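Biologist: Please take me through this model. I want to know what stands behind each label.

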Amino acid sequence: MSYIKQAIEAYNDTWHTMPIDFTEQSEVRFLPRVVLFDMDGVLYNSMPNQEVAWQESMAQFGIAMTRSDVYATEGARGIDTIRRFVKQQQGRDISLKEAQQMYDVKTQVYHSMPDAPIFDGVLPIMQKIRESGMQVGIVTGSGQRQLFKRIFEDFGEFVDEEHIVTAYSVKRGKPYPDPYLMGLEKAGIRHPWEGIVVENAPLGVRAGVAAHIFTVAINSGPLDDSALLDEGANLLYPTMTDFCNNWEQLIDSI
């Protein structure tokens, strides 16, 4: 049995332990109708820029962020990350307004750098998803409005504004399931087994798994594979191109 087929069967088996009122259908199994992509580190090779932006901007406020900190908190809403680090390092509870002001500085630093490139494999897999009769959605913890304009420029053929979830769409960001549940809702889909999450960050994988959605990890950064698998990723690939090359096998295994 293939790695992919084993992963799908294991995912389907998890529904046997779910409460009856959560699975009102007599047969529940993986039948995806939408693929929900994270943005940074999944669509764009933007994490090197994000690392610099976080470190330089937070240093202006006396907050130290290591490379590990940046990758460990990736996927969370920026304002949530800022409030947590200020509390940890300065012992202060700051308001959402102050956190947003600090995040705006981080955004300015980020946009002073060259645009991050689209990862190889992203546009081809979106094309395959559409040819498979599925929708494409984007679920990001980012609140950088300038990036959303670029999303439409780069991926407007496959996704529209109604299929994008941002930091402003939910009150609780990743690792809570809310962003990915909102992604399903925006796609008009009721059931978690009708979706696929594509993530590169531990917090994002945890959010997808918490939403009970089949979650594919793309380890595009410096993390050990275990950091993503231990959060419950159903499949893991080193690059988006590898996932794209295995798309037909995934579809054939359903």
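**Labels and the values behind them**

Modeller: Start with Trp193, which is buried at a relative accessible area of 3%. The model is predicted, so local features need pLDDT of at least 70 and side-chain atom pairs pLDDT 80 or more, while totals for chains, interfaces and linings use all residues. Residues are numbered from 1 along each chain as its sequence is written, and side-chain values use heavy atoms, with hydrogens and water left out.

Biologist: Why is Trp193 called buried?

Modeller: Buried means under 20% relative accessible area, exposed means over 50%, and partly exposed lies in between (1.4 Å probe, protein chains only). Trp193 has 3%, so it counts as buried.

Biologist: Where is Trp193 found?

Modeller: Trp193 is in the loop between helix 8 and strand 4 (195-199). Helices (H or I, at least four residues) and strands (E, at least two) are DSSP runs, numbered from the N terminus. Trp193 and Asn12 are 181 residues apart in sequence, yet their C-alpha atoms are 8.4 Å apart in space.

Biologist: What makes Ala227 partly exposed?

Modeller: Its relative accessibility is 26%, so Ala227 falls in the in-between class. Ala227 sits in helix 10 (residues 225-229). Its C-alpha atom is 16 Å from that of Lys174, 53 residues away along the chain.

Biologist: What is the peptide bond from Lys174 to Pro175, cis or trans?

Modeller: That bond is cis, with omega near 20°. Pro175 lies in the loop between strand 3 and helix 8 (178-186).

Biologist: How do you know which strands pair in the sheet?

Modeller: Two strands pair if DSSP finds at least two bridges between them. Strand 1 (residues 34-37) and strand 2 have four bridges, in the parallel sense. Strand 2 and strand 3 (residues 164-165) have two, also in the parallel sense. Both pairs therefore meet the rule.

Biologist: Which residues stand opposite each other in these pairs?

Modeller: Val34 stands opposite Gln135 in strand 2. Val35 has Val136 as its bridge partner in strand 2. Val139 faces Val165 in strand 3.

Biologist: What is the order of the strands in the open sheet?

Modeller: Its six strands run in the order 3-2-1-4-5-6, with parallel pairing. Strand 3 and strand 6 (235-237) are the edge strands, as each pairs on one side only.

Biologist: Why is strand 2 called largely enclosed?

Modeller: Four of the five residues of strand 2 (residues 135-139) are buried, so the rest of the structure largely encloses this strand.

Biologist: How do you know that the buried residues of helix 6 are on the same side?

Modeller: In helix 6 (residues 122-131), the buried residues are Val122, Ile125, Met126, Lys128 and Ile129. They cover an arc of only 160° around the axis, so they lie on the same side of helix 6. The arc is that of the directions from the helix axis to the C-beta atoms. An α-helix has 3.6 residues a turn, so residues three or four places apart point the same way.

Biologist: What do the buried residues of helix 6 pack against?

Modeller: They pack against strand 1, strand 2, helix 7 (145-155), helix 11 (240-245) and helix 12 (247-253). Contact means heavy atoms within 4.5 Å. After helix 6 comes Gly133, with a positive phi near 80°.

Biologist: What makes a space a cavity or a pocket?

Modeller: On a 1 Å grid over the protein atoms alone, a cavity is a set of points where a 1.4 Å probe fits but cannot get out. A pocket is an open set with protein on both sides within 12 Å along at least five of seven lines. Lining residues have an atom within 4 Å of a point.

Biologist: How many cavities of 30 Å³ or more does this rule give?

Modeller: One. The largest cavity has a volume of about 200 Å³. Of its 18 lining residues, the closest to the centre are Asp40, Trp54, Glu74, Gly75 and Ala76. Helix 2 gives the most to this lining, with three residues.

Biologist: Which residues line the largest pocket?

Modeller: Among them are Tyr11, Trp15, His212 and Asn234. His212 is partly exposed because its relative accessibility is 28%. Its phi is positive, near 65°, in a residue other than glycine.

Conventions
Grid points are joined across faces, edges and corners, and a volume is the space filled by probe spheres set on the points.
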